[in-house]
Amino acid sequence: MEIVKTENLTFEYIRRDEEDNVEGITTAVDDVSLSVEHGEFIAILGHNGSGKSTLAKHINAILYPTEGTVWVDGNDTKDPDKLWTIRNTAGMVFQNPDNQIIGQVVEEDVAFGPENMGVPTKEIWERVEESLKVVGMYEYRKSSPNRLSGGQKQRISIAGVLAMHPKCIVLDEPTAMLDPIGRKEVIDAVRGLNEVEKITVILITHYMEEIVHADRVFVMDKGHIEMEGTPREIFSQVEKLKSLRLSVPQVTELAYKLKKRGLPIPDGILTTDELTEALKRCR
Amino acid sequence: MSMIINHVSYVYNPGTPMESKALNDINLVINDGEFVGLIGHTGSGKSTLVQHLNGLLKPTSGEIYFNGRDISDSDFSKKELRSRVGLVFQYPEHQLFEADVFSDVCFGPRNQGLSQKEAELKAFTALKQLKIEDEYFYQSPFDLSGGQKRRVAIAGVLAMEPDILVLDEPTAGLDPAGRDEILNMLNDIRNERGCSIVLVSHSMEDVAEFADRIVVMDHGSIVFDDEPASVFSHSAELEKIGLRAPEVTRALIKLKKEGFDVDVSCINIETAVETIAKCFGI
Amino acid sequence: MFRDITLGQYYPVDSCIHRLDPRVKLFGTLIFLISLFLTDNFIGYIPALIFLISVIALSKVPFKYMVKGMRAILFLLLLSVVCNLFLTRGDVVFSWWKLKITKQGIELAGFMAIRLSFLVIGSSIMTLTTTPNQLTDGLEKGLGFLKIFGVPVHEVAMMMSIALRFIPILVEETDKIMKAQMARGADFESGNIVKKAKSLIPLLVPLFVSAFRRANDLAMAMEARGYRGGKGRTKLKPLKYKGRDAVAYIVIFAYLSVIIALKVIF
C-alpha cells in the first residue's frame with residue numbers, strides 16, 4: 001500500500017473583498033493524482049504560488065480537498081476518526097523555524113509531539129534523545145531555541161516531528177529562510193532521515209540543488225503537476241523549467257548550452273565532475 | 001556622492017559579558033554609480049556594516065564620510081543621511097503598513113518633507129521602476145503575492161531617491177525567476193538613476209552578473225575587495241570561510257586543471273560557453 | 001531600547017530552593033505575601049525577616065539580583081514613604097513651613113517601606129529560582145482543581161508559556177521594523193504626544209500583522225504535531241512531590257503559625 005496517495009485532488013478557496021463579498025474562486029491545487037511508496041524520497045518543485053505548499057498541507061490533514069481524495073497510509077484524510085492517526089503518521093515541518101517551535105528549551109520542544117500523543121514520560125525521554133541525535137543536535141538539548149541559528153532551529157523542528165515516530169515527513173520549504181550553511185545542514189539531516197531512518201520524505205522546495213538526491217521529482221505549476229521524473233530527467237529539460245519560473249544549476253545549464261553548440265554531452269549533467277568527465281570524452 | 005569608511009570597528013554590548021566584536025577595522029569606499037556586492041555568511045558582520053551606512057549604528061571607533069563630511073558630525077542631520085543612503089532590510093515586506101500600496105510608497109518621500117504631489121510623483125516613478133502595474137496601486141499591500149510585496153517595499157525606499165541604495169538580501173526566499181527579476185531591476189535602477197547599489201548577499205551567483213566589485217567579509221573583517229573574476233579566482237580561500245565561487249567558475253577551474261585551455265575569469269554562463277567552445281574549435 | 005527588558009530573569013544555579021517543586025514555591029510566596037499583610041507591627045516582621053534571609057541564603061542567588069528587582073519599584077517606594085511621612089496626622093516631631101512630620105508618620109513610612117521591600121524581594125526569589133516553564137507547569141498543576149469550575153487552566157498555562165517563548169522574538173522584530181521605518185525617514189522620538197502616538201502606526205501595523213501571521217503559523221504547527229488540548233497529554237517533566245517538598249511545606253506552615261501567634265499575642 002502507498003504511504004501517500006491522492007486522486008483528482010482539487011483545492012479551491014474563495015477570495016472575499018472587505019465587505020465579505022465573493023470576489024472570485026482561486027484553484028490552488030488542480031486535479032492532482034500522485035502516489036508515494038514507503039521509503040521514497042520525493043521532491044516537489046515549483047515557483048512561489050504554484051500550489052506546492054497547499055498540496056503539502058493536505059497530506060497532514062491541515063487542509064481538506066474540495067474535490068478528490070487523499071489517503072495517508074490507507075486512511076482517508078476526510079475521515080474525522082482518523083485525523084490524529086494521520087497526523088502521527090505524516091509529520092510536517094514548516095518554512096519559518098521561529099513559528100513552529102513551542103518549547104522554551106530544545107528538549108521540551110522535541111517532547112511536544114510525543115506529549116500530545118500521550119507517550120509515557122520515560123519513553124518520551126528516550127525518543128527526545130534519539131531524535132536529537134539523528135539530527136545532530138543532542139548537545140544543544142538544554143539550550144533556548146532563541147540562541148540557535150536558523151539551520152539548527154529547523155533541525156530541532158525535524159527532531160520534534162521525528163520523535164512522533166512518523167512513517168512519512170513532509171517538509172514545506174524548510175530551507176527558504178536559511179543561509180547556504182543552514183540549508184546544507186537541513187538537507188543533510190533530511191537525507192539522513194530517508195537513508196538511515198528509512199522514513200518517507202516529501203520535500204517541497206524551489207532550490208534546484210536540493211532535489212538532486214530525490215528518487216522522484218514532481219514539478220508543479222498553477223496547481224498542476226507539470227513534470228514528473230528522476231532528477232536527471234527533470235534537469236535535462238532546461239527550457240521547460242525556465243518557462244515554469246525555475247532554474248537549473250549553473251553547471252547543468254552550461255552543459256546544456258554546450259550541447260546545443262554541438263558537443264556530444266549527455267543530458268542532465270548535475271555536477272562539475274560530470275561536466276569535466278563528459279568534456280574529456282569529447283576531446 | 002562617494003562614501004568612505006575609514007577604520008571602522010563596532011562592538012555590541014561593550015563592557016558587558018555579552019560583548020562581541022562585530023566589525024574589525026573596516027576600510028571601504030563606495031564610488032558613484034557603482035554596483036557593489038557585499039558577501040559573507042550569517043554572522044560575518046555584513047548586516048552590521050550596512051546599518052552604519054545610514055547612521056542606524058554608530059562606529060565604536062573610526063569614521064564614515066559621505067561626500068567628504070563625517071556622518072557623525074552633529075550638524076549632519078540623520079534625516080538627510082537616511083534619505084541619501086536608502087537602506088532596505090531583509091524581508092522588507094514586513095515594513096508595509098499603509099492601507100494601499102501607493103500610500104505606503106509615499107511614506108518615505110512624505111517624511112522627507114515633500115508635498116503630497118511631489119511624493120506621489122516619486123512614488124509613481126519608483127513603483128513603475130519596480131514593475132508594479134497600475135492595477136495594484138490602490139490594493140492593500142497585504143493582498144499582494146510575496147514577490148510583489150518585496151518589490152513594493154523596495155519601491156518605498158527607492159521613492160526617496162537615494163544616492164546609494166543598500167539592500168540586505170533582497171532575494172531571500174524568492175523563487176529563481178523572482179530572484180532574477182529583482183536583480184535585473186536593480187541593475188536597471190543603477191543604470192537609469194546613476195545611483196550606487198550595495199547588494200548584501202550570501203550567494204556569489206546573486207552578485208556575479210552585475211557587480212562591478214565584490215567585497216567579501218568574514219568574522220567582521222574584509223577578506224577580499226576586488227573585481228568579481230579576481231575574487232572568484234580565490235576559490236580555495238572562499239571555501240575555507242564557508243563561501244563558494246559561482247558554479248561556472250568552479251567548473252572552469254576544474255577544466256583548466258584537467259588541461260583544457262579555458263579562461264577562468266569568465267563569470268557567467270554565456271562567456272563560459274564561449275571559452276569552452278573555443279577549446280574545441282567551435 | 002527594548003533589549004533591556006528581562007522577563008522571568010531566572011538565575012541558573014543549583015540550590016535546594018531551585019530544586020523545590022514550583023507548586024511549593026508558588027504556595028510559599030503566596031503565604032509570605034499574606035503574612036506581610038497580616039502583620040501590623042514591627043515585631044511581626046522579625047520572623048518574616050528571618051524567613052526571607054534564610055531563603056535567600058539557601059537559594060545561592062547573589063543578593064544584588066534581588067536588589068535589582070527593587071530598582072523597578074524605587075519610585076513607588078519613595079512615593080509611599082514621602083506620602084506616609086508627611087500626610088500622617090499625630091504627634092508632631094518636626095515641622096517646616098506647611099510640612100509636618102509626625103511620630104506616627106515616621107513609623108508608618110518605615111512600616112510601608114519594609115512591607116513593600118519584603119514583598120518585592122519575596123516574589124523575586126520565586127522568579128529567580130524558577131524557570132518560566134516550571135512556573136507555568138506549577139500553575140497548571142497547582143490550580144488544576146479550578147478545572148471543575150470551568151476555568152481553562154491548561155489553556156491559560158499554555159498561553160503563558162507561548163507568550164514567554166515569543167516575547168524575545170517579537171522584541172527583536174520590533175527593533176527590526178523600527179530600524180526599517182527609520183531608514184524610510186520615520187521619526188519615533190520628536191514631537192508632542194499626539195505626533196508620537198501617530199508615529200507609532202508604521203511600527204505597530206507591521207508588528208501586529210506579523211504577530212497574527214506567527215500565531216496562525218504556530219497554531220498550524222501545533223495541530224500538525226497532534227496538539228488537541230490538555231486531555232490525554234503526558235509530560236516530559238511531570239511534577240512530582242519529593243521529600244524536600246514536604247519539609248518545605250512544614251516550614252511554610254510553621255512560619256504561618258508563628259505569624260498568626262504573634263498577631264494574636266500583640
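This is a predicted model: local features need pLDDT of at least 70, side-chain atom pairs count only at pLDDT 80 or more; totals for chains, interfaces and linings use all residues.

Q: In what order do the 6 strands of the open sheet in chain B lie?
A: Strands (E, at least two residues) and helices (H or I, at least four) are DSSP runs, numbered from the N terminus. Two strands pair if DSSP finds at least two bridges between them. In chain B the order is E6-E7-E8-E3-E9-E10, and the pairing is mixed. Strand E6 (85–88) and strand E10 (221–226) of chain B are the edge strands, since each pairs on one side only.

Q: By what angle are neighbouring strands of this sheet turned against each other on average?
A: Axes are lines fitted to C-alpha atoms, for helices over the stretch in contact, and angles run from 0 to 180 degrees between N-to-C directions. For neighbouring strands of this sheet the average is 15°, direction ignored.

Q: In which sense do E6(B) and strand E7 of chain B pair?
A: E6(B) and strand E7 (residues 164–168) of chain B pair in the parallel sense, over 4 bridges. Within this pair, B:Leu87 stands opposite B:Val166 in E7(B).

Q: Which helix packs on the sheet, touching E6 and E7 of chain B?
A: Contact means heavy atoms within 4.5 Å. The helix is H5 (residues 146–158) of chain B, and its direction makes about 165° with that of E6(B).

Q: How is chain C divided into domains?
A: Domain bounds come from an automatic or database domain assignment. Domain 1 of chain C covers 1–130 + 239–266, and domain 2 covers 136–233. The C-alpha centres of these two domains of chain C lie 31 Å apart.

Q: What area is buried between chain A and chain C?
A: Buried area is the accessible area (1.4 Å probe) that two parts lose on being put together, summed over both. Between chain A and chain C this area is about 3,100 Å², and carbon and sulfur atoms give 51% of it. A:Trp84, A:Asn99 and A:Gln104 supply 23% of the area that chain A buries against chain C, more than any other three residues. The contact takes 36 residues from chain A and 29 residues from chain C.

Q: How many salt bridges are found across the interface of chain A and chain C?
A: A salt bridge is a side-chain nitrogen of Lys or Arg within 4 Å of a carboxyl oxygen of Asp or Glu. Across this interface the rule finds 6. One joins the side chains of A:Glu107 and C:Lys237 (2.9 Å, N to O). On the side of chain A that touches chain C, the largest share, 10 residues, comes from H3(A).

Q: What area is buried between chain B and chain A?
A: The area is about 2,900 Å², of which carbon and sulfur atoms give 61%. B:Asp175, B:Glu247 and B:Ile269 supply 19% of the area that chain B buries against chain A, more than any other three residues. B:Asp175 also forms a salt bridge with A:Arg245, the closest N and O atoms being 3.6 Å apart.

Terms used: Residues are numbered from 1 along each chain as its sequence is written. Chains are lettered from A and ligands numbered from 1 in the order in which they are written. Side-chain values use heavy atoms; hydrogens and water are left out.
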